[in-house]
Amino acid sequence: MNRCRVADWLKWAFLSVMAVVPSAAIAQTDTPAAGVDSHAVDGRAFLAEELTSLALIDLRAQAEPTREDAAAAGTLLSFAQMFAPNDAELVRQRLLAADAADDGELVESLTRQLIRLDPTDTVAQLRAIGHRVAREQTAEARIRLFETLLGQESIDVSVRSRLALDAALLHRELGDDEKYAELLVRSLRLDA
């Protein structure tokens, strides 16, 4: 994507914000503040939808989107999120754009945000746990972390099943066939 197109997107987004939404309605909430017209909130939702559509349509129109294309779409989606801060689907779209743009820090941040907005999103839970596991430097540290996570009943069983499988595979790499078999069975029992 050329820089001209990115600049056009950003100008359009800024002008839209200034023209459509009163400044009092830009607060980070989905409920109107005292004295804010409910039409302003409707305008916020409309603007969020339009910015999201613009970002996704333009990104999908690219034959082979580049990281820069994904980053530009992510910028527009972040503008959209200003107007719909509690929209989990919008956060998912930002996550996809950040991932395509290779922005690991933003992916981690958006993953945490998505889990807060939708605690049932097991894909986001696995992604967050994967980042946590990847930070561990040794196989032993990863095994300890897996054991801790497997003991947490608050984690969805399908996620714990996947963690048990990952732990089993790690034990297999280390040559511990007994622990490998034990965790493999545990994985199947958790979520057949």
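**Whole chain.** Show the surface first. The chain's accessible surface comes to about 11300 Å², by the Shrake-Rupley method with a 1.4 Å probe. Carbon and sulfur atoms account for 54% of that surface.

A note on what you see. This is a predicted model, in which local features need pLDDT of at least 70 and side-chain atom pairs count only at pLDDT 80 or more, while totals for chains, interfaces and linings use all residues. Residues are numbered from 1 along each chain as its sequence is written, and side-chain values use heavy atoms, with hydrogens and water left out.

**Cartoon view.** Switch to cartoon. You will find nine helices and zero strands. Helices here are DSSP runs of H or I with at least four residues, strands are E runs of at least two, and both are numbered from the N terminus. Of the 192 residues, 37% count as buried, meaning under 20% relative accessible area with a 1.4 Å probe, protein chains only. Now think about contacts, meaning heavy atoms within 4.5 Å. Among those between residues at least 6 apart in sequence, 52% join residues at least 24 apart.

**Largest core.** Select Ile129, Phe146, Leu149 and Leu163. These have the most contacts inside the largest nonpolar core, which has 16 residues. Such a core is a set of buried Ala, Val, Leu, Ile, Met, Phe, Trp, Tyr and Cys residues joined through side-chain atoms within 4.5 Å. Color α6 (122-134), α7 (139-150), α8 (157-173) and α9 (177-190): each supplies at least two residues of this core. Which helix gives the most to this core? It is α8, with six residues.

Zoom in on Phe146. Leaving aside residues up to four places away in sequence, Phe146 touches Val133, Leu163, Asp166, Ala167 and Leu170.

**Helix α6.** Stay with α6. Its 13 residues reach 18 Å from first C-alpha to last, close to the 18 Å expected at 1.5 Å a residue; the expected span is 1.5 Å times one less than the number of residues. Its buried residues are Ala124, Gln125, Ile129 and Val133. Their cover includes α5 (104-117), α7 and α8. At the N-terminal end, select Asp121. This residue caps α6, with a side-chain oxygen 3.1 Å from the backbone nitrogen of Val123.

**Helix α3.** Move to residues 67-83. This helix has 17 residues and reaches 25 Å, close to the 24 Å expected. The buried residues of α3 include Asp69, Gly74, Leu77 and Gln81.

Technical notes: Buried < 20%, exposed > 50% of the residue type's maximum accessible area, 1.4 Å probe, protein only. Polar contact = N/O pair within 3.5 Å; in protein donor to acceptor, adjacent residues only side chain to side chain.
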